[in-house]
Amino acid sequence: MSLSCFKAYDIRGKLGDELNEELSYRIGRAYAQHFAPRRMVLGSDIRHSSEPLKKAIARGLMEAGVDVIDIGMTGTEEIYFAAFHLDVDGGIEVTASHNPVDYNGMKLVKKGAVPISGDSGLRDIEALVEANQFSESGKKAGNYSQASILQPYVEHLLSYIDPQKIKPLRVVTNAGNGAAGHVIDAMENRLKELGVPLEFIKIHHEPDGDFPHGIPNPLIPANRIDTANAVVEHKADMGIAWDGDFDRCFLFDEHGEFIEGYYIVGLLAKAFLDKSPGEKIIHDPRLTWNTIDIVKQAGGQAIQTRTGHAFIKERMRKENAIYGGEMSAHHYFRDFAYCDSGMIPWLLVAELLSGTGLPLSTLVRERIEAYPCSGEINFTVENSTESIERIRQHYHSDNPTEDKTDGISMEFLDWRFNIRASNTEPLLRLNIESKNNSALVRSKTNELAELLMSS
């Protein structure tokens, strides 16, 4: 049996040989044997394969004597919330997020929503799954129960804002036929009860494992068109689109223009520092100048760490940082057990729009002009390590500041770039930014692309 589904941060693979119910059963047994939990919470997204895989995990856990609480069809952050809200020792979400329809996967956490990744237990689980020799616990079989955490979860989300400060706003929401719809409905009902004048225009709202409008992945430009058009058609103040398990959200301004996640990091950092001066903000090394500038101006402390949720969460815990953001639209919050949420960011932005009275385009325009960027560009190369070193050697004579936190970052007087190997795919990822010079970004993007494609 192939174990190629075990990745750096999670489990993800093609249905059949790479991921199936037998393997899921073993993962349940292996989690129980390695971590010895008493009680676990399980959830699953809307893919047709997710419920059977979840049941197989539950069977493995219960045979090892673990009680299982099934919270139903959920997004990943609902499992995070349950893992610190309920009296449980860990959780597993069955999801393939934005991967193709014939894929699925799992995200695993310990008590308190602490992530389980390669060096924090995932490799141990993989070894146990491969050996397929599980010790008998001597315990009676665990119990299975179902529960809903939707109401307390929504109350927690709304605790990040003052609902009474929300001015009349119209927002377009695009769940991509993924798992976000039921949370939007619950939030809409609660906001109405509170008398909050927030109007929702919902598109591709109903969960559908066939994904009739394509896999929910707003990083693909073609997948942004429906959200952008709906914003313009309905004269909305903001558009919001999610990936399949909604742990990332992507924002559109009132003109339907997509906003790179990089600039939302700066916007949210300032929002937190305005309320809590002097706090620490965690960011990744791909694009940094805008975030560092905003945090410095707002009296905070910007701290860089490696790209990837496990590294961000670990550093946030170490520093007790109030907020962490990645340009990939992952946003992390101290009061959310340092986990990422795709719901908290847009609520904070709605509060910002209400408080400033400014349109979203105005809130980000100055920052986009000050620090224009390329967005992330992916390259397929034969040898990532050799390609990165060749790029380093090419620019080394220009005496840039070099940083190897993640891949390599090279910083010049008026532009910088980061190039790194993907942790999840066989790709090199390139990001370039400048100081108030979009033409320079374009020319350096072309220059680096030629160097990489000739490798």
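Which residues of helix α5 (residues 150-158) are buried? In this predicted model, where local features need pLDDT of at least 70, side-chain atom pairs count only at pLDDT 80 or more, and totals for chains, interfaces and linings use all residues, residues are numbered from 1 along each chain as its sequence is written. Side-chain values use heavy atoms, with hydrogens and water left out.

The buried residues of α5 (buried: under 20% relative accessible area, 1.4 Å probe, protein chains only) are Tyr 153, Val 154, His 156, Leu 157 and Leu 158. These residues pack against α3 (76-85), α6 (181-193) and α11 (344-356), with contact taken as heavy atoms within 4.5 Å. Helices are DSSP runs of H or I with at least four residues, and strands are runs of E with at least two, numbered from the N terminus.

Grid points are joined across faces, edges and corners, and a volume is the space filled by probe spheres set on the points. The count is 2 cavities of 30 Å³ or more.

The largest cavity has a volume of about 80 Å³. Of its 13 lining residues, Cys 249, Phe 250, Ile 259, Gly 261 and Ala 329 lie nearest the centre. Two or more lining residues come from each of β10 (249-252) and α8 (261-275), and β10 gives the most, with 3.

The second largest cavity, of about 30 Å³, has among its lining residues Tyr 262, His 283, Asp 284 and Glu 326.

Technical notes
On a 1 Å grid over the protein atoms alone, a cavity is a set of points where a 1.4 Å probe fits but cannot get out, and a pocket is an open set with protein on both sides within 12 Å along at least five of seven lines; lining residues have an atom within 4 Å of a point. Buried means under 20% relative accessible area, exposed over 50%, partly exposed in between (1.4 Å probe, protein chains only).
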